[in-house]
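Here is a short briefing on a protein model. Look at the sequence and the structure first, then read the notes.

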Amino acid sequence: MEDGVLKEGFLVKRGHIVHNWKARWFILRQNTLLYYKLEGGRKVTPPKGRILLDGCTITCPCLEYENRPLLIKLKTRTSTEYFLEACSREERDAWAFEITGAIHAGQPGKVQQLHILKNSFKLPPHISLHRIVDKMHDSSSGIRPSPNMEQGSTYKKTFIGSSLVDWLISNSFSANRLEAVTLASMLMEENFLRPVGVRSMGAIRSGDLAEQFLDDSTALYTFAESYKKKISSKEEISLSTVELSGTVVKQGYLAKQGHKRKNWKVRRFVLRKDPAFLHYYDPSKEENRPVGGFSLRGSLVSALEDNGVPTGVKGNVQGNLFKVITKDDTHYYIQASSKAERAEWIEAIKKLT
């Protein structure tokens, strides 16, 4: 990393005037968060914009967009609001932690408090589970169940585990994730919530209360009284149900060259095993459905040379590139944000080919 850079990488940002969502390259420094457009695999200088962190407030988790559960909200001293979406809960929390540290950089006591909070665990005394459930049902500020898919089946009126954890924290029922997980487990034990689908049903067999509820974006839950399951018709799922049934091994934002127009776009890649598939999603769209993907069985993956533009790559795109050739000889050109990230993706894909 360059001098003074605390963190950098892709986040998806909501536009100010037209509220569309676009992937931008963000660089966090001690008092500023810069963001850049990406063209031809390179960040376009000067920056597209900058967020001054002095006097900023941060909201994480931010639940203002139902279909975007991995948001961070920043509100500047002049009341300008920025909504930034990460590719995973871990990545969102890492960004939030670093940004909060940068906001309070001049206050060592605040930074120390952050570290303590990150590692603390305390359940509030006298929790009224009925009050929590009533608030969860609130039409304006509660949990909004929606259809979710797991292993090819669509489950109506469900919510994902990590969304409930976010909700419990943002409503001050819990101070941290570990506490929220324990609280959610208690709600299940008292039959206010029910696990739905293979992932969450498997976890309740665990003896430890704190492990019975999954803080996970693939585990589904529902209110106990509204348990309904519906197997989707073939028309509703255009992708093979088998493709999306695997365990998520790795996910992240990468740039990909298009097949027809050969232009480069940032996509959220999700690597799954059993069965081994690599899917990619358009982060500017609300629906959580892949725009493409392929089986890794019999595929070849390799790094491309870093000096000059490799064969098959269009435009002046170079550095941190790799290529996946599928069994049917389709070539995918992908760019990571660093050599280390490229190496991690190649190693993870190779294990599944």
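This is a predicted model: local features need pLDDT of at least 70, side-chain atom pairs count only at pLDDT 80 or more; totals for chains, interfaces and linings use all residues.

Residues are numbered from 1 along each chain as its sequence is written, and side-chain values use heavy atoms, with hydrogens and water left out.

**Aromatic pairs**

- A pair of aromatic rings is described by the distance of the centres and the angle of the planes.
- Rings of Phe, Tyr and Trp (its six-membered ring) pair if their centres lie within 6.5 Å; planes under 30 degrees apart count as stacked, over 60 as edge-to-face and the rest as tilted.
- The count by this rule is ten aromatic pairs.
- One of them joins W21 and Y65, an edge-to-face pair with 5.1 Å centre to centre and 85° between the planes.
- W21 lies in strand 2 (residues 21-28) and Y65 in the loop between strand 7 (57-62) and strand 8 (71-75), so this pair ties together parts that are 44 residues apart in sequence.
- Helices (H or I, at least four residues) and strands (E, at least two) are DSSP runs, numbered from the N terminus.
- W21 is buried at 6% relative accessibility, and Y65 is partly exposed at 22%.
- Buried means under 20% relative accessible area, exposed over 50%, and partly exposed in between (1.4 Å probe, protein chains only).
- F213 and Y221 form a stacked pair, with 4.2 Å centre to centre and 25° between the planes.
- F213 is buried at 2% relative accessibility, and Y221 is buried at 0%.
- F269, Y280, F294 and Y332 form one aromatic cluster.

**Charges over rings**

- A charge sits over a ring if NZ of Lys or CZ of Arg is within 6 Å of the ring centre and within 35 degrees of the ring normal.
- The charged end of R68 sits over the ring of W21, 4.2 Å from its centre.
- R268 lies over the face of Y281, at 4.4 Å from the ring centre.

**Cis peptide bonds**

- The bond from T45 to P46 is cis, with omega near 0°.
- P46 is in the loop between strand 5 (42-43) and strand 6 (49-52).
- The bond from D274 to P275 is cis too, with omega near 5°.
- P275 is in the loop between strand 15 (264-273) and strand 16 (277-281).

**Positive phi**

- D274 is not a glycine, yet its phi is positive, near 55°.
- D274 sits in the loop between strand 15 and strand 16, and it is exposed, with a relative accessible area of 62%.
- S172 is not a glycine either, and its phi is positive at about 65°.
- S172 is in the loop between helix 4 (161-170) and helix 5 (177-189), and it is exposed at 64%.

**Loop residue E305**

- E305 lies in the loop between strand 18 (300-303) and strand 19 (321-325).
- E305 is partly exposed, at 44% relative accessibility.
- Leaving aside neighbours within four places in sequence, E305 is in contact (heavy atoms within 4.5 Å) with P310 and T311.
- E305 and N320 are 15 residues apart in sequence, and their C-alpha atoms are 8.2 Å apart in space.
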